[in-house]
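User: Please examine the structure below and answer some questions about its ligand site and its aromatic residues.

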Amino acid sequence: HAAEYVFTDISAHFLHRAQEKFADDAFVSYRTLDLERAPLEQGFEAGEFDLVIAVNVVHATADIARSLAHLSSCLAEGGMLVLREVTEPQAWLDLSFGLTPGWWGFADAPLREHGPLLDPAQWERVLREQGFEPALATAEAGRTESVMVARR
Ligand SMILES: C[S@@+](CC[C@H](N)C(=O)[O-])C[C@H]1O[C@@H](n2cnc3c(N)ncnc32)[C@H](O)[C@@H]1O
């Protein structure tokens with residue numbers, strides 16, 4: 001009862017799907033957010049959240065460092081960012097998502113030049129550059145996705 005959770009996506013489609021799934025959870029609200037643009041220009045307040053969870057979305061933006069800065073602006077000092085990202089290139093991803101223009105929409109060389117995904121070491125570096133203290137990264141051998149937790 002003490003928690004409020006704001007589910008965001010750039011796409012109304014995903015918001016509607018989430019609204020159906022979490023219909024019984026009154027503490028969840030739904031808002032659009034374009035991570036390419038400053039959240040503070042989209043009705044969010046600085047330091048509004050204690051925790052931000054971003055699952056396989058930050059890589060989908062043009063400039064990872066700028067997107068992390070946008071997420072940081074929403075977090076309270078000491079707030080936590082939980083990132084889950086595919087951290088290992090796989091041919092099937094290029095052959096499926098690679099057919100969409102968004103997969104190739106990255107524009108933040110030299111960080112990314114040949115594909116949209118970062119490996120765990122690159123994530124750690126860019127998180128630190130954006131003022132985060134990465135606290136934990138699960139990057140087990142054989143796992144293609146990592147969960148990274150970082151404190152602002
Ligand atoms: C691979 S899907 C992941 C969806 C969901 N987070 C999950 O894990 O099931 C990528 C998501 O990123 C969203 N997305 C793409 N560009 C975005 C942007 N600029 N701002 C916010 N969300 C974006 C898409 O609408 C899509 O829901």
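Analyst: This is a predicted model, in which local features need pLDDT of at least 70 and side-chain atom pairs count only at pLDDT 80 or more, while totals for chains, interfaces and linings use all residues. Residues are numbered from 1 along each chain as its sequence is written, and side-chain values use heavy atoms, with hydrogens and water left out.

User: Which polar side-chain atom lies 2.9 Å from a nitrogen atom of the ligand?

Analyst: A polar contact here is a pair of N or O atoms within 3.5 Å. Asp9 places a polar side-chain atom 2.6 Å from an oxygen atom of the ligand, and a polar backbone atom of Val55 is 2.9 Å from a ligand nitrogen atom. The side-chain atom at 2.9 Å from a nitrogen atom of the ligand belongs to Asp34.

User: How much of the ligand does the protein bury?

Analyst: Accessible areas come from the Shrake-Rupley method with a 1.4 Å probe. Taken alone, the ligand exposes 590 Å². The share of that area buried by the protein is 66%.

User: How do the residues of the shell around the ligand divide?

Analyst: The residues around the ligand, each with a heavy atom within 4 Å of it, include Ile10, Phe14, Leu33 and Thr61. Ala, Val, Leu, Ile, Met, Phe, Trp, Tyr, Cys and Pro count as nonpolar, Asp, Glu, Lys and Arg as charged, and the others, Gly among them, as polar. The shell divides into three charged, three polar and six nonpolar.

User: What is the geometry of the aromatic pair of Phe44 and Phe49?

Analyst: Rings of Phe, Tyr and Trp (its six-membered ring) pair if their centres lie within 6.5 Å; planes under 30 degrees apart count as stacked, over 60 as edge-to-face and the rest as tilted. For Phe44 and Phe49, the centres are 6.3 Å apart and the planes form an angle of 50 degrees. The pair is tilted.

User: Is Trp103 buried or exposed?

Analyst: Buried means under 20% relative accessible area, exposed over 50%, and partly exposed in between (1.4 Å probe, protein chains only). Phe97, at 43%, is partly exposed. Trp103 has a relative accessibility of 8%, so Trp103 counts as buried.

Technical notes
Polar contact = N/O pair within 3.5 Å; in protein donor to acceptor, adjacent residues only side chain to side chain.
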